[in-house]
Each structure stands twice: as structure tokens, then as C-alpha cells.
Amino acid sequence: MSIVLTCGNLNKKYGPTYALRNLDLQLEENVIYGLLGRNGAGKTTLLNMIAGGIFPDYGTIEVRGKKLGRGELPKDFCYVREKNKYFGGARVVEILQYAANFHPNWDWTFAHELLQTFQLDPHKKIRQLSRGTESIVGNIIGLASRAPLTLYDEPVLGLDVLMRERFYKSLLEDYANHPRTILLSTHLIDEIAPVAEKVYIIEAGSLLLHDEMEQIRMAAYLIRGNSEAVASFTAEKRVLHTETYGRGTLAAIYEKLDDGDMQQARELDISIENLTLQKFFSYLIEGGH
Ligand SMILES: Nc1ncnc2c1ncn2[C@@H]1O[C@H](COP(=O)(O)OP(=O)(O)OP(=O)(O)O)[C@@H](O)[C@H]1O
């Protein structure tokens, strides 16, 4: 396992507000990560910091073991911002030509394929594009750059369902042939679930959880049954949330269940369902765990 990026104890305060607080994050080579958090959780601050646009009050960023100096950019990386600031008078093809100069792995054949996939006329001027179509320009750059470290900030915001699906499909197909490290920051959690292999969940600038998506799938459950039975079943387990209804209780847990647990659940007449990532995220945030 080779580490591409390490953020150590990052802190950033705006007045009394912590945008980032003691944040540690490590990205391995050739993994797709989801960076999940609500509005204002600190996602953009973190990405801007990695991209050298904001300086931490405290903490370090290392790219392939080399500490980044103040204002220094990581090598061979591509950052697709939430709000691109392309020159409105430029044509799409000119923006792509400009981006191609900065990315040694740029693939023009793939870029042209993507223009077709997203039905984007390369001769249109940026100012003639809708908000969603403008963000597609950024997404094409992110994909065609094939940068070993690619960061996307809310890549599908403003895109319709069809375009979102096309983006995820293009990303996954290209990643299969050209693995690299990709970080997708989003608050559209269920959409990212089939795409990301690992997730970092942040809230109020701090890390709440990081884990493999598969681990979350295999450990996030909703338990329902008689209140005493649920209390006994969850006694030694990590409980994210509980709710009572009449004589029953519903509990969200984050715990791998083995055959013994399943047997106990049957004996106690408890039902067990998988939690969606969105629900897991909501319970995690509400519980502040
Ligand atoms: N330039 C700034 N001046 C003051 N406060 C800021 C500034 N930039 C960010 N913040 C604050 O820092 C916190 C983190 O903001 P950030 O934009 O990083 O969150 P986010 O997770 O990207 O949110 P969103 O999903 O809404 O884009 C918020 O409380 C925000 O108000």
C-alpha cells in the first residue's frame, strides 16, 4: 500500500468558527474515496488547502512523503472545483487545450469521447453554457487529465440525473483501465455509495469516521423489536441512534454481526435490516459519534 497524500492535524479557524479541527486524512494509491459531510462541514476548505489555496493555521500536508511548503501545489494533481472560474469568453476547446498543458497524462481521444458523452459542443463559449453544463467542462478535465491524484468538489451538483449517471459511469469505466487516487467530495451520499471504495465523514471540521464502504455495508444495521430485547441485544454494541415507539425500540448500530448475534436476534424476536449509507450518515451526525 503506497500513500499518496497525508494530512496531519490540520486546523483552520475563521474567527471563532473551526473550518477544520485536528483533521487527519490519508489517501492511498489507486483508491476512490468519498469525502462526505453536510453543508459547512469543511470539505471545500480541506480541498482548497490540499490544492495550496488556503494555508492551515496548524498541521501539515505531505504528498508522496514530501511536505508541501506554503502555497506549494502537489505535483501531478487535478482539482475540479465546485465553482469553476473559467474565462467566460473562452471556448470549451480552448479551456481543454489550456488544461491539457498542465497534465502529462492528458488523453485527447478520451476528452473527445467525453464531449460526445455529455453532448457538449467544444466550440461554444463558456458564457453560453448553463450552470450544469459548465460544471461538466470541469468534470471532463478531471477525467481526461488522468492525474494520479484527482480531487472533485461536488462534481454532480447542478447536473440532471442522466448526466450524473454518465459522469459516474465514465469515471468508473476509466478508473478500471487507469487506476488512480480520486477523492469525491459530496453531500449526495447514496449516489456515492456504489462509486467510492473508502469514505471519510467529517462534521464541523472534525473527522467523524473513515472506513471502507464494504465495512460500513456489513456493519450498519437497523434493529427493531421489544424495548427490553433491543436493550439487551445492543448492550455491548456501538449504538448510533435509538427511538422508542409504544413498547418497541428502533436502534441504529454500527457493529459487525456474527452467527451468534443472528441467533440471539431470532431468540429475542428482533428484526434486522441494512441501513442505507444516507441513513447511517444521518444517525452518525445526529449522534455526534
Ligand atoms: N472565507 C471564509 N470566511 C469565513 N468563514 C469561512 C470561509 N470559508 C469557509 N468558512 C466557514 O468554514 C466552514 C467550512 O466551510 P466549507 O466551505 O469548507 O464547508 P463545505 O463542507 O465545503 O460546505 P458546502 O458543502 O456547503 O460547500 C463553514 O462554517 C464556513 O462558513
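UniProt positions are given in the numbering used here, feature names are shortened, and annotations may be inferred rather than shown by experiment. With that in mind, the unreviewed UniProt entry lists residues 5-229 as "domain: ABC transporter". What you're looking at is a predicted model, where local features need pLDDT of at least 70, side-chain atom pairs count only at pLDDT 80 or more, and totals for chains, interfaces and linings use all residues. Residues are numbered from 1 along each chain as its sequence is written.

Let's start with that span. The end C-alpha atoms of residues 5-229 sit 45 Å apart, and the span is 32% helix and 31% strand. Helices (H or I, at least four residues) and strands (E, at least two) are DSSP runs, numbered from the N terminus.

The residues around it (C-beta atom, placed from the backbone, within 6 Å) include Y14, N39, K43 and H187. Strand 2 (17-28) and helix 1 (43-50) are the elements that give two or more residues to this shell, and helix 1 has the largest share, with three residues.

Now for helix 4, in numbers:

Helix 4 is largely enclosed by the rest of the structure, because 11 of its 14 residues are buried (20 or more other C-beta atoms, placed from the backbone, within 10 Å of a residue's own). Among them are E134, I140 and A144. Just after helix 4, R146 takes a positive phi of about 45°.

Note on methods:
Buried ≥ 20, exposed ≤ 12 C-beta atoms within 10 Å, placed from the backbone.
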